[in-house]
Amino acid sequence: MASNTSSMRDDGLRRPWGAIVAFLLPALTIYVAFTAYPVVRTLWNSAHKVLPRREVFVGLENYAALAQDEIFWRSVRNTITWASISPLAEVSVALILALALYAKVPGARFFRIAWFTPVLMSYIVVGILWVWIYNFDWGPVNAALRAIGLGGLAKAWLGNPNTALPSLIVVTTWMWIGFNMVVLLAALHSLPREVIEAAELDNCGWGQKLVYVILPLIWPTVLNLIVLSFIGKMKIFDLVWITTKGGPLWSTETVSTYVYKRAFEWSTFDLGYPSTIAAIWFVIVLAIVLTLTLALRQRSKLEY
Amino acid sequence: MTKPLKHSLLIILLAGYTAFAAGPFVWVAIMSLRTTSEIMADHFALPTILHWEKFPIAWFNSNYNVYFKNSAMIVLAAVAILTIVGAMAAHCLARYRFRLNRVIYFVLFSTIIFPPQITIISLFQILVQYGLYDTRVGLTLVYVAIQLPLTIYILESFFARIPNDLFDAARIDGYSEWEIFWRVSFPIALPAIATTMILNFILLWNEFLYAVVLITDDANRTLPLGIQRFMGDQLEDVGMIATGLMIAIVPVIIVYAFFSEKLIQGMTAGAVK
């Protein structure tokens with residue numbers, strides 16, 4: 001097939017369909033079988049009562065029940081809170097650290113490698129570790145509070161409905177700061193030296209240089225990291241499952257843990273209702289991510 | 001502010017954050033070498049006697065060898081399939097212009113933001129139907145599927161930057177389309193391919209949600225499931241759990257010690273573009 005002498009110019013435009021199909025077929029087969037078909041089937045499930053041996057069509061009944069389901073809306077609130085706070089916390093701390101390393105401190109390479117470590121661990125390992133850190137009797141957090149005479153503030157951080165979710169947000173922030181820092185540092189290092197030197201010649205102070213020169217230049221990277229962190233937190237399951245299982249009193253219930261519970265833990269034997277949750281959540285996530293991307297794009301256009 | 005003062009403030013900030021980031025690991029490493037009764041006496045003391053014997057005990061008493069083997073088999077197989085299948089698709093999307101090209105690219109790419117719930121319940125049903133539920137083969141195939149979009153996304157952007165002249169030259173030399181992929185594109189893209197392999201390896205090695213839904217038998221458990229079970233079994237035995245955690249942490253640290261730059265590149269590959 002390739003031995004045909006075709007002119008060199010339009011080689012890029014040639015369409016060897018046999019090769020194209022052969023190259024794409026394995027990937028598309030896997031995609032259709034394990035992603036596209038399951039998505040469609042979940043949507044189908046959401047209009048049915050799906051019992052182990054039979055399916056009963058129930059129309060929009062599941063959706064109506066979902067609207068009344070307070071635990072579901074609680075889990076949506078928790079997840080969105082998590083996904084909104086995390087990106088800001090992670091990226092802002094990471095930016096401070098990246099700027100510190102960018103200022104040419106000795107041992108920058110070591111710090112960069114050391115700070116990145118937490119993100120390489122599984123949420124399971126990290127979760128168990130932090131259950132201990134937050135332990136009421138002997139965890140380092142309470143031990144430190146007692147050591148400085150603030151023992152009254154010591155509490156069971158993950159056992160208290162008011163502090164459980166913030167405590168878990170601290171864990172994901174701890175885990176992901178290093179990752180964000182490395183990406184930001186790479187962006188800083190790729191800035192053209194002349195621009196920064198020009199700013200220095202103009203007698204810009206550090207603060208001005210940061211706000212007027214550096215931030216606008218690395219803004220696309222910052223936005224990328226925010227969206228990425230947001231998407232990651234909308235999916236969160238492992239950490240909650242190993243630490244609190246959504247408790248106490250649903251205070252850390254996320255949509256992922258709730259779907260899992262309804263599908264595989266509660267003995268209702270119905271896969272239809274959890275599919276409805278998944279379908280609605282799917283729509284919510286897509287809508288938020290699209291809005292976020294469009295809104296931030298718009299903003300970044302105005303910046304320039 | 002004077003320069004030395006500024007400098008020492010900076011050092012304090014950096015050292016403080018390092019303690020915060022690394023402290024938990026140091027603590028668990030110390031506890032992994034102490035017995036639970038020693039730990040209960042003082043949680044933050046250094047070990048007086050190094051109890052290395054706890055490591056073989058944790059390894060053999062809790063099926064870690066089985067979990068390790070399962071994780072290694074499933075993840076390595078998935079990474080191998082992902083690399084070949086992903087690179088073929090990425091090469092095709094980057095190289096050939098045809099109708100639907102961008103449609104396929106966009107459909108694959110948008111899957112990255114899908115919440116896992118949208119597939120996981122029906123994947124459970126499908127794997128049960130085809131007798132793949134609670135098998136390592138089933139989990140491997142699912143792992144390939146969940147990492148495929150990101151793999152193709154990263155590789156496509158790399159393949160697209162290879163100059164067309166190279167391919168024209170290869171065609172003149174009489175290379176078939178397959179040979180062009182296998183002997184031109186693939187070797188040139190090796191750095192990017194290594195990056196995606198590392199990324200997929202780490203993400204799948206740590207994967208928990210799909211494993212907990214699709215695996216039940218202890219003989220098929222992967223490492224994260226094993227650690228969870230181990231914690232459930234030992235509950236009050238903090239010292240033993242610490243040893244179990246260290247067994248999970250050490251391999252990552254060892255790989256990281258040798259390939260830190262490559263690992264960082266791999267993990268951040270999706271974010272930089």
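**View 1. Chain A, overall fold.** Chain A has twelve helices and two strands, where helices (H or I, at least four residues) and strands (E, at least two) are DSSP runs numbered from the N terminus. This is a predicted model, in which local features need pLDDT of at least 70, side-chain atom pairs count only at pLDDT 80 or more, and totals for chains, interfaces and linings use all residues. Residues are numbered from 1 along each chain as its sequence is written, and chains are lettered from A and ligands numbered from 1 in the order in which they are written. Along the sequence, the pattern of chain A reads α-β-β-α-α-α-α-α-α-α-α-α-α-α. The C-alpha trace of chain A spans about 85 × 75 × 35 Å along its principal axes.

**View 2. Leu217(A) in helix 9.** Leu217(A) lies in helix 9 (residues 206-234) of chain A. Pro192(A) is 25 residues away along the chain, and its C-alpha atom is separated from that of Leu217(A) by 9.7 Å.

**View 3. The contact of chains A and B.** The contact takes 72 residues from chain A and 68 residues from chain B, two residues being in contact if their C-beta atoms, placed from the backbone, lie within 7 Å. Helix 13 of chain B gives the largest share of the side of chain B that touches chain A, twelve residues. The model scores ipTM 0.87 and pTM 0.89.
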